[in-house]
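Thanks for coming, everyone. I have one model to walk through today. Let me put it on the screen.

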Amino acid sequence: MQSNEVNNNKLIDDSIILIVDDEPINATVIEGLLASHFKTHTINCGEEVMSVCDSIKPDLILLDVMLGSMSGLDVCKELKAHPSYKDIPVIFITAIMDQEDQNQCWQAGAVDFVTKPVYGVTLLNRVTAHLTLKKQADLLKQQTQQDSLTGLKNRRSLNTTLTQNLLLAKRHSQALSVLMIDIDWFKQYNDQLGHQQGDNCLIKVATEIKNSINRPTDTTIRYGGEEFLCILPDTDIQGAQFIAHKLLANIKNLAIKHPTTESGIVSISVGSATLSDDKNFTPENLINSADTALYQAKQQGRNRCVCIIATNE
């Protein structure tokens with residue numbers, strides 16, 4: 001197949017395709033058709049799909065309807081019920097195409113299906129079309145969930161992001177910590193230097209937090225005003241404390257002048273809450289606990305961190 005049969009689309013160049021088929025020859029053929037255009041990953045059973053999604057985060061899934069003990073339809077339904085993966089487009093690969101079977105594919109949540117034997121041009125064009133739609137939707141979502149001043153994620157994205165991380169932490173029995181960060185005496189800073197300087201200060205602090213919390217799995221959010229929130233998966237209370245002290249030092253090293261503080265420079269206070277073993281935890285529990293820890297840090301004199309194990313109150 002000639003490469004000019006599909007228009008070059010930089011939007012989808014780095015896309016990851018997960019191929020799920022329990023027939024090795026079928027998987028090999030499909031991977032051969034797509035591997036020169038996209039990154040591909042192949043597995044042979046439905047039970048592995050969720051854990052593989054956790055690790056590779058596919059942009060699209062090609063799913064055989066007739067798998068082993070867990071059918072492709074059941075896999076698709078499980079994906080669509082999961083907040084982290086419900087937006088991944090699923091294309092069924094099937095040899096059974098009567099109307100009832102087609103209806104089952106749509107009802108399970110598929111965006112399309114391709115019949116066996118698979119024709120290369122058809123498969124590639126359908127994959128390209130659905131990836132393009134997915135990437136455009138992701139771009140629009142990113143724009144609506146991004147803080148216009150700092151470039152960080154905004155509060156609108158918080159519930160989805162924290163819910164996803166909480167589900168993963170519970171599933172894999174991993175730690176999860178949330179940091180709540182507040183710029184000390186920021187109202188006085190604005191009153192003395194004006195809102196333009198205040199915005200410049202917010203940008204500098206946000207950039208430093210983002211650069212300091214730099215694992216791909218970490219998320220930094222502008223929570224509101226001069227408050228920021230960091231979601232740190234697979235991070236226990238000791239790790240959270242290390243990050244909090246790192247942030248305190250890095251913000252201090254910026255040496256942003258603050259005319260009304262004893263130190264003469266901008267500082268932050270940090271409250272950290274780490275997930276406990278309680279399976280009934282909600283995102284609100286973690287945020288409320290981090291907020292409680294932040295309040296304690298302020299009460300103790302600011303320019304410090306308080307790290308606690310979260311409660312479900």
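**Loops, a helix and some salt bridges**

Start with Asp 234, which sits in the loop between β8 and α9. Helix and strand labels are DSSP runs numbered from the N terminus: H or I for helices, at least four residues, and E for strands, at least two. Asp 234 is not a glycine, yet its phi is positive, about 55 degrees. Asp 234 is partly exposed, at 49% relative accessible area. The cut-offs are these: buried is under 20% relative accessible area, exposed is over 50%, and partly exposed is in between, with a 1.4 Å probe and protein chains only.

Before going on, the ground rules. This is a predicted model, so local features need pLDDT of at least 70 and side-chain atom pairs count only at pLDDT 80 or more, while totals for chains, interfaces and linings use all residues. Residues are numbered from 1 along each chain as its sequence is written, and side-chain values use heavy atoms, with hydrogens and water left out.

Back to backbone angles. Trp 185 also has a positive phi, near 50 degrees, and is not a glycine. Trp 185 lies in the loop between β6 and α7. Its relative accessible area is 38%, which makes Trp 185 partly exposed. One more backbone item: the peptide bond from Lys 116 to Pro 117 is cis, with omega near 0 degrees. Pro 117 belongs to the loop between β5 and α5.

Now the overall picture. The protein has 10 helices and 10 strands. Its C-alpha atoms fill a box of roughly 75 × 45 × 30 Å along the principal axes. There are 313 residues, and 46% of them count as buried. The accessible surface is about 15,600 Å², with 48% belonging to carbon and sulfur atoms. Those areas come from the Shrake-Rupley method with a 1.4 Å probe; for residues, only the protein chains shown count as cover. For contacts, the rule is heavy atoms within 4.5 Å. Take the contacts between residues at least 6 apart in sequence: 67% of them join residues at least 24 apart.

Next, helix α8. Does the length agree or disagree with what 18 residues should span? It agrees: residues 195-212 should span 26 Å at 1.5 Å a residue, and the end C-alpha atoms are 25 Å apart. The expected span is 1.5 Å times one less than the number of residues.

Which residues of α8 are buried? They are Gly 198, Cys 201, Leu 202, Val 205, Ala 206, Glu 208, Ile 209 and Ser 212. Seen down the axis, these buried residues fall within an arc of 165 degrees, so they line one face of α8. The arc uses directions from the helix axis to the C-beta atoms.

Glu 208 is buried yet has no salt bridge. A salt bridge here is a side-chain nitrogen of Lys or Arg within 4 Å of a carboxyl oxygen of Asp or Glu. The nearest side chain of opposite charge is Lys 246, 7.7 Å away. For charge, Lys and Arg count as positive, Asp and Glu as negative, and His and the chain ends are not counted. Leaving out residues up to four places away in sequence, Glu 208 touches Asn 250, Ile 251 and Leu 254.

Last topic: the salt bridges. The count is 11. One of them joins Arg 171 and Asp 54, at 3.0 Å, N to O. That pair links distant parts of the chain: Arg 171 is in α6 (residues 158-171), Asp 54 is in α2 (residues 49-56), and they are 117 residues apart. Arg 171 is partly exposed at 36%, whereas Asp 54 is buried at 14%.

Then Asp 182 and Lys 298, at 3.5 Å, N to O. Asp 182 is in strand β6 and Lys 298 in helix α10 (residues 283-299), 116 residues apart. Asp 182 is buried, at 5% relative accessibility. Lys 298 is partly exposed, at 22%.

Finally, Asp 21, Asp 64 and Lys 116 are linked in a network of salt bridges.
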